[in-house]
Amino acid sequence: MRIRRNEGYKFNVIVSWQEQVKAVQQGKLSYVDALLQALSGVNLVHYRQRNSIKEKLDTRGSEMFEDALRDLFEGNEDSVAFEEIVSAIGGNYDVLGFLFFLKDPNQYMPIRSDMFEERLRLLGIDAHLSHNCTWKSYQQYNGWIKEIYQYLQKYMNSSVQLIDAHSFLWVVPGLSKYIDSDLQMVEHNKFGKGIVVGFDRDLIKVKFGKETRSFEKQDCFDRGILRLIPAKISIYDEDENEIIVEPEREPEETVIPEPKKQIQRLDKDTIEVNDELDNQLIHDLDMKTDDVQESDSSIASYMGIIKPRPEPVERKGRSVYSRNPMVAGKALTLARHKCEISVDHPTFIRRNNGKPYTEPHHLVPMAYQDLFEVSLDREENIVSLCSNCHNEIHYGKDALKLVEALYTARKDLLKSVGIDITLSELQQMYC
Ligand SMILES: [Zn+2]
Ligand SMILES: [Zn+2]
């Protein structure tokens, strides 16, 4: 029992079929030819069934089948079209299921009658599908898939589609050797609850909500990445050998609380080197007349672009992070060159570009960059301060009040660039 391809291909089948139907309606193709093309290589229909339809069309001719297909795709009565197709090509359940799936994938599912009979029975459903290609049986089958679908939806509490229930049915035997009742769910401590929708040679595919993720089998089992429910499953390798897997951990609490940041006092040299870089930034900004002016017209709002922490550079034996004057310039522009403690604070006009003079200050100090996975050198973390406030926040007795005011104004912007910090953590950085 293996699914080698990503389940997404089923959607591609539908999309290319819809293109084929257009060609048919423009008279470029017959429905029979379009179907034969759609059938080639698709694993939703057993190859024997695929071959048998070709043989039948050779012996009986395709006219009757063409009419039946037209009724299916252009008429309304699905049950009648079903009977017509059976009359034309015989009770080829796989092809029938495939055709109805092409017609309406939100309502009808493909079928592999022999396989799915066995799979449904594993789930406790008394299914009789082989040699029972009737409209009634097919409706019943779709009803079961819908039941599985509803169960998955309820269990996962997120977006599952009908086709996922179908995918799920494919993989059931690989999982359910050791259980009778419960459907197969996995729980991942990062992505939440998911359903197994496919296996590949080395991959297990799990759907979490709308997203399907692949995990290496070795990772899943060796490192216990997936918490499997129930605790034991079996899968088959390429040579049909059974591999029984027992994950190490029991399913339980999966939320791992974010560790509190350890804000340690910086040593004198680190503070000194960082102060130098801050002053260098103010100087660079004064020199970069053109860039600052250019940025005035090119940036209208905070972009919320998360950047990863850059590589540190070495300076006086300390590893530090450089500040980009372009980013600081944009931050000042976004603050309209006013002090963010109060827009009324007096300032003066810059000689180089005619703008009011304010200084950039990294609210979460660059000296603490190591504590964050994301870059702190973002517009969202750079406030514009008048010279007086900038000195006060660095050297003032009441600096923490300024920090609190700025944090309150900026916390959502900080979050938008992945800078996750509480007020008390931030205040510790200023003590
Ligand atoms: Zn500063
Ligand atoms: Zn000020």
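Author: The following dialogue takes up the features in turn. This is a predicted model, in which local features need pLDDT of at least 70 and side-chain atom pairs count only at pLDDT 80 or more, while totals for chains, interfaces and linings use all residues. Residues are numbered from 1 along each chain as its sequence is written, and chains are lettered from A and ligands numbered from 1 in the order in which they are written.

Reader: How many helices and strands are there in the protein?

Author: Helices (H or I, at least four residues) and strands (E, at least two) are DSSP runs, numbered from the N terminus. The protein has 16 helices and 11 strands.

Reader: What percentage of the residues is buried?

Author: A residue is buried if 20 or more other C-beta atoms lie within 10 Å of its own, exposed if 12 or fewer, and partly exposed in between, with C-beta atoms placed from the backbone. Of the 431 residues in the protein, 32% are buried.

Reader: Which residues of helix H4 are buried, and where do they lie around the axis?

Author: The buried residues of H4 are Phe-65, Ala-68, Leu-69 and Leu-72. They cover an arc (taken from the directions from the helix axis to the C-beta atoms) of only 100 degrees, which puts them on the same side of H4. The face turned away from that buried side carries the exposed residues Glu-63 and Glu-74. In helix H2 (residues 31-39), the buried residues are Tyr-31, Val-32, Ala-34, Leu-35 and Leu-39. These fall within an arc of 160 degrees, so they line one face of H2.

Reader: Which residues have the most contacts inside the largest nonpolar core?

Author: In soluble globular proteins, nonpolar side chains tend to be buried together. A nonpolar core is a set of buried Ala, Val, Leu, Ile, Met, Phe, Trp, Tyr and Cys residues joined through C-beta atoms within 7 Å. The largest one here has 55 residues, and those with the most contacts inside it are Ile-85, Leu-96, Leu-99, Ile-145, Ala-165 and Phe-168. Helix H6 (residues 93-103) gives the most to this core, with 8 residues. Domain 1 (1-110) and domain 2 (152-256) both contribute, so the core lies between them; the domain bounds come from an automatic or database domain assignment. Two residues are in contact if their C-beta atoms, placed from the backbone, lie within 7 Å. Leaving aside neighbours within four places in sequence, Ile-85 is in contact with Ala-68, Leu-72, Leu-96 and Leu-99. A second, separate core of 26 residues includes Leu-281, Leu-385, Leu-402 and Val-417.

Reader: Do strands S10 and S11 run parallel or antiparallel, and how many bridges join them?

Author: Two strands pair if DSSP finds at least two bridges between them. Strands S10 (residues 359-362) and S11 run antiparallel and are joined by 4 bridges. Glu-359 stands opposite Leu-385 in S11, and the bridge partner of Pro-360 is Ser-384.

Reader: Which way do the residues of these strands point?

Author: In a regular strand the side chains alternate between the two faces of the sheet. In S11 (residues 382-385), Ile-382 and Ser-384 point one way and Val-383 and Leu-385 the other way, and all are buried. In S10, Glu-359 and His-361 point one way and Pro-360 and His-362 the other, and all are likewise buried.

Reader: What phi does Arg-336 have?

Author: Most residues other than glycine have a negative phi. Arg-336, although not a glycine, has a positive phi of about 55 degrees. Arg-336 is found in the loop between helix H13 (325-334) and S10, and is exposed, with 12 other C-beta atoms within 10 Å.
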